[in-house]
Amino acid sequence: MTNDQSPPPPAGEPSALGPTLAEKASLTSGDGDFVTTALTRAGVPAVTLSDGPHGLRLPKEAGDGGQVDLRSAAPATCYPPAVALGSSWDPELAHRVAGALADEATAHGIRVLLGPGINIKRSPLCGRNFEYFSEDPLLTAELGGAMVRGLQESGVGAALKHYAANNQETDRMRVSADIDERPLREIYLRAFERIVRRDRPWSVMCSYNAVNGVPLSENARLLTDILRTEWGFDGIVMSDWGAVRDRVAALRAGLDLQMPGTRGRTDREVVAAVTDGSLDEAVLDSSVERLVRFARRTADADRPEPRMSVEDHHRLAGEAADRCIVLLKNDDGLLPLDPAAGSVAVIGELARTPRYQGAGSSQVTPTRLDTPLEALRAHADGALVDFAPGYTLAGAETAGTGSADAPEDDASLAAAAVRLAAESDTVLLFLGLSAHDESEGFDRDHIDLPEAQLRLLDAVVAANPRVAVVLSNGGVVRTDPWHRTVPALVEGWLLGQAGGGALARVLFGAVNPSGKLAETVPLRIEDSPSHLSFPGEEGHVRYGEGVFVGYRGYDAAAREVAFPFGHGLSYTTFDHSALRVTPDEDGNRFAVAVTVTNTGTRAGREVVQIYSTGPAGSPVARPPRELRGFTSLTLAPGESREAVVRLAREDLAHYSEREGGWRVEGGDWGIEAGASSRDIRQSAVLPVKGDPSRLTLTGRNTVAEWLAHPVGGPLLMKAFAEGRAAAGGGAGAMADPAMRRFLAGTPLDVIAEFPQSPVRPEEVVALAERAAAEQAPASGTPHRG
């Protein structure tokens, strides 16, 4: 909205031309905890918001004494959280889950769902990793983008969060994430960029933290220059709850909506700033225009009547959970169990009292809850299923204490469990973390299982080596060395309200597991690339590992891991063959095709992962490989089909701070098809034409930079060849490999000052001017991340 140039009316006095200054200011903050401010006379409706990355946490008033109540006001379907959904590698599934979330939101009058969360898993210690998809930005973008589309196609707005570099909970309200430009762009902003450009979320939520010293809520570069100007975002930016420190500075930076409301306090600050001239009213008007468009968009969206019953939603939650389970190990085909034969000892309180979601603002009150124990008994068709708790969940809350003495309760429960294990044919041992070990609001101190559970594991394996361990955890746990002693290991994550049935179906073979790890499982936390700089100190955390996050870092350091990124087994086997890479006519897009054959005896789904490796001899620091695309095939035994992944040339770009943008390096690229980042089955070479350099050369550039420049290199060599041979050998010095390497890192203007230099200082200036004049402009539009 815009006003005329006359002085604004007093804050409470209506204007014939539009809202008063006070009314405009009121639109920029909430009218409560989860509702925006309405302006009825101007036709601006209120918008009701809800937490809900994996299920609605319907708004509930604070309890007695103003205590925050994280329970939902009504039951809603709890779908698998992002930690599990990430392992599905299935954007179509994420799209369907989001559509179902929108269905429930519409039924409850919710217009915007606060999600999905797409922050990168920089460290396994982040307490909120259960709300995030992956350590890889491409996988994150594909799954997060599918959820944005699924919500908004059903008329419910998404709030993409938490923008940006919100990768820890320690000091989360204040800490500055200090990140170089290249990792910021390639790792931490890349999923946001892809989703904003392609999927057009209606809103973005800014995070609590600062980036390079500037709080996100006041960060004009991130909120306006990059998000709006560079990426073309046309929605609103809202704050995370309590993230605004200075409302006037936040408005200037591009933050539109402060949440929750402040009972008018910050509205009055905005009015005062406009009145005294310290805030340009045009800045306020721009935010108000966006907020009005947002409110009307949510009100006018085409929302179909809810189409699914509570039972339909529960079945979808179960189908999603089926696809999220990762079979990490299965020696000698221990799994699946025969549901009609043998005796099965189910050990572990988590089988009876499951963890199915994380703690904090995303907690859902489920419509029902399937427990693994009940589901296993229901799926057994003749097999004897008996149960022993083995440990108390209270004992699990003391994880990592290192105490040598188990509580008496745990000791007696463990003894009974070991007796049951010894009497049974097979053991299903449920281990994992409690809500006290990982939650929004704090980071983990370690990645170990509770001591009581590890003691139980040792005793059970000694009594009966036929053990399948089933994990329940929101972040990775250390499995070394004990994973070497058990024949089968299942990563069950947090699977939502229908996860118990999904585990039973996988363990008894009704469902063939197809989940793949979306994050690396390290041997120990000290191996994590971010370990020495997480979570920082004195208000700063240095992202010293650069682009070497997750598998990029483990693979670059050739570090042994427990289970690599992308790993996941099946009850069948798959062969990959005949990889083909076919560029289109202009070389800007190419199809990667590989034949996949089910070589086993069961139908199964295989996720085909496509990685790239950079050109040999590249001066750009790169991980050994990076995920560039993926797809999946469901195949009958003996069936072969071709999996095709279509990539763009710009997908290979890296961010060059020196050249001020994305740049594709020319040369022979490796294109690989594999079953994980460390299980590459097929590879091919793809010649790629590089981008023209945008670098403007000066005397401050090194000899190496001059020689690498497509225009400056030939000019410099010619100048050397024509130089004063008697004074220094001219081009002969550059022809000597040792001398060339010696001079490579020296700025050209320094070399020009030496008496025997083949070029003089004034010639360097002329060379730079000529290189700039002859330099071809960068082709096409800038690359997108």
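1. Two strands are taken as paired if DSSP finds at least two bridges between them. In this predicted model, strand S18 (residues 574-583) and strand S19 (residues 589-598) run antiparallel and are joined by eight bridges. Aspartate 575 has threonine 597 in S19 as its bridge partner. The two strands form a hairpin with five residues between them. Within the turn, glycine 587 has a positive phi of about 75°.

2. Positive phi values also occur in residues other than glycine. Arginine 263 has a phi near 55° and is located in the loop between helix H8 (247-253) and helix H9 (265-275). Its relative accessibility is 83%, so arginine 263 counts as exposed. Aspartate 332, which is not a glycine either, has a positive phi of about 60°. The loop that holds aspartate 332 runs between strand S9 (326-330) and strand S10 (343-347). With a relative accessible area of 82%, aspartate 332 is exposed.

3. The reader may wish to inspect two cis peptide bonds. One leads from tyrosine 163 to alanine 164, with omega near 5°. Alanine 164 belongs to the loop between strand S3 (157-163) and strand S4 (176-178). Another cis peptide bond joins phenylalanine 534 to proline 535, where omega is about 5°. Proline 535 is placed in the loop between strand S15 (521-522) and strand S16 (540-542).

4. Is helix H5 (residues 181-188) enclosed or open? Eight of its eight residues are buried, so helix H5 is largely enclosed by the rest of the structure. The buried residues of H5 include the charged residues Glu181, Arg182, Arg185 and Glu186. Pro183, Leu184, Ile187 and Tyr188 are also among the buried residues of this helix.

5. The cysteines deserve a separate remark. A disulfide is a covalent bond between the sulfur atoms of two cysteines. With a cut-off of 2.5 Å between sulfur atoms, the count in this model is zero disulfides. Cysteine 78 is accordingly in no disulfide, and its nearest cysteine sulfur, that of cysteine 324, is 12 Å away. Cysteine 78 has 0% relative accessibility and counts as buried. For cysteine 206, the closest cysteine sulfur is in cysteine 126, at 17 Å, which is too far for a bond. Cysteine 206 is likewise buried, with a relative accessible area of 0%.

6. Rolling a probe the size of a water molecule over the atoms shows where empty space is left. The largest pocket has a volume of about 700 Å³. It is lined by 23 residues, of which Pro619, Val620, Arg658, Arg663 and Ala708 are the closest to its centre. Strand S23 (654-656) and helix H19 (703-708) each contribute at least two residues to the lining of this pocket. By class, that lining consists of eight nonpolar, seven polar and eight charged residues.

7. How many cavities of 30 Å³ or more does the model contain? The count is seven, and the largest cavity has a volume of about 140 Å³. Of the 18 residues in the lining of the largest cavity, Pro354, Arg355, Pro372, Ser472 and Leu503 lie nearest its centre. The elements giving two or more residues to this lining are strand S13 (467-472) and helix H17 (499-507). The lining of the largest cavity divides into 11 nonpolar, five polar and two charged residues.

8. A last point concerns glutamate 774, which is part of helix H25 (residues 761-774). Is glutamate 774 buried, exposed or partly exposed? Its relative accessible area is 43%, and because this falls between the limits of 20% and 50%, glutamate 774 is partly exposed. Apart from neighbours within four places in sequence, glutamate 774 is in contact with Val711 and Leu715. Glutamate 774 and leucine 125 are 649 residues apart along the chain, and their C-alpha atoms are separated by 52 Å.

Methods:
Residues are numbered from 1 along each chain as its sequence is written. This is a predicted model: local features need pLDDT of at least 70, side-chain atom pairs count only at pLDDT 80 or more; totals for chains, interfaces and linings use all residues. Side-chain values use heavy atoms; hydrogens and water are left out. Helices (H or I, at least four residues) and strands (E, at least two) are DSSP runs, numbered from the N terminus. Buried means under 20% relative accessible area, exposed over 50%, partly exposed in between (1.4 Å probe, protein chains only). Contact means heavy atoms within 4.5 Å. On a 1 Å grid over the protein atoms alone, a cavity is a set of points where a 1.4 Å probe fits but cannot get out, and a pocket is an open set with protein on both sides within 12 Å along at least five of seven lines; lining residues have an atom within 4 Å of a point. Grid points are joined across faces, edges and corners, and a volume is the space filled by probe spheres set on the points.
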